[in-house]
Amino acid sequence: MTVVTVEVGDRPLRQINREIRALASTATEIVVTDPLSRHNLAVALTEDTPVRILGNVGYYCGGLNSGGVIHVEGDCGWGVGEAMARGKITIDGYAGMSVGASMRGGLIHIKGSAGPRCGVAQKGGDIVVEGNIGYLSGFMAHTGRIITLGDAGDATGDSLWEGAVWVAGDIKSLGVDSHPVEPPAEEVAEVEELLDGLGLADSTRDWKKVVSGQRLWYFESRDSSAWLMI
């Protein structure tokens, strides 16, 4: 087993990321030390080599990845996993706004709570949040699943397309053109299977699935009042 260490500190970020990508083709695990909440760490990975980051990270960690198994032993700033196509990101702590923004695939697992706009413009993949998600989560999500084991904030699912927000707790308010539905048993089983793989199995949860009302699919300017929050 080849475990290599990459120290961040105040080194140039481009150099750090090039080093991580080069090592990913030969190492069995990469341990990133002294991250100092730096932004854009471990981006554009294509190998499935585990990358363990010992501490907090800043904005856009794991962005643009098409592979990579990133484990952050701390908190993260906004945009974690932004535009990722494949791979897995685990955050042991809390996440800022826009988790998985425009992500196309893969899995993001937040063990704490996530800030506003979780899954904004999501285009695939799964986001699992063990805590709560903030306001406007799922805003304009095209597809994929946002799953929270806690509560959801204001304007949940605002302007959804074909994505879905699964909420085990309470929903403070729904966004424009979104509504909750009773999820089919087979879809609940799929969600629980995903959670079971993360060590979060619990068959007693009362799921609310928030989906699009499809009014905005055929939006016209004369219907502009549909955009107003009620």
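## Terms and basis of the model

Helices (H or I, at least four residues) and strands (E, at least two) are DSSP runs, numbered from the N terminus. This is a predicted model, in which local features need pLDDT of at least 70 and side-chain atom pairs count only at pLDDT 80 or more, while totals for chains, interfaces and linings use all residues. Residues are numbered from 1 along each chain as its sequence is written, and side-chain values use heavy atoms, with hydrogens and water left out.

The model contains an open sheet of 11 strands with mixed pairing, in the order 1-2-3-4-5-6-7-8-9-11-10; two strands pair if DSSP finds at least two bridges between them. Strand 1 (3-7) and strand 10 (178-181) are the edge strands, each pairing on one side only. Neighbouring strands of this sheet are turned by 20 degrees against each other on average, direction ignored, where axes are lines fitted to C-alpha atoms, for helices over the stretch in contact, and angles run from 0 to 180 degrees between N-to-C directions.

## Two residues with positive phi

Tyr60, although not a glycine, has a positive phi of about 60 degrees, and it lies in the loop between strand 3 and strand 4 (66-72). Asp177, likewise not a glycine, has a positive phi of about 60 degrees and lies in the loop between strand 9 and strand 10.

Tyr60 counts as partly exposed because its relative accessibility is 32%, whereas Asp177, at 6%, counts as buried; buried means under 20% relative accessible area, exposed over 50%, and partly exposed in between (1.4 Å probe, protein chains only).

## Nonpolar cores

A nonpolar core is a set of buried Ala, Val, Leu, Ile, Met, Phe, Trp, Tyr and Cys residues joined through side-chain atoms within 4.5 Å. The largest has 40 residues, of which Ile30, Ile70 and Val99 touch the most other members. Leaving aside neighbours within four places in sequence, Val99 is in contact with residues including Val80, Ile108, Arg117 and Ile127. A second, separate core of 14 residues includes Ala168, Leu198, Leu200 and Trp207.

Definitions and conventions:
Contact means heavy atoms within 4.5 Å.
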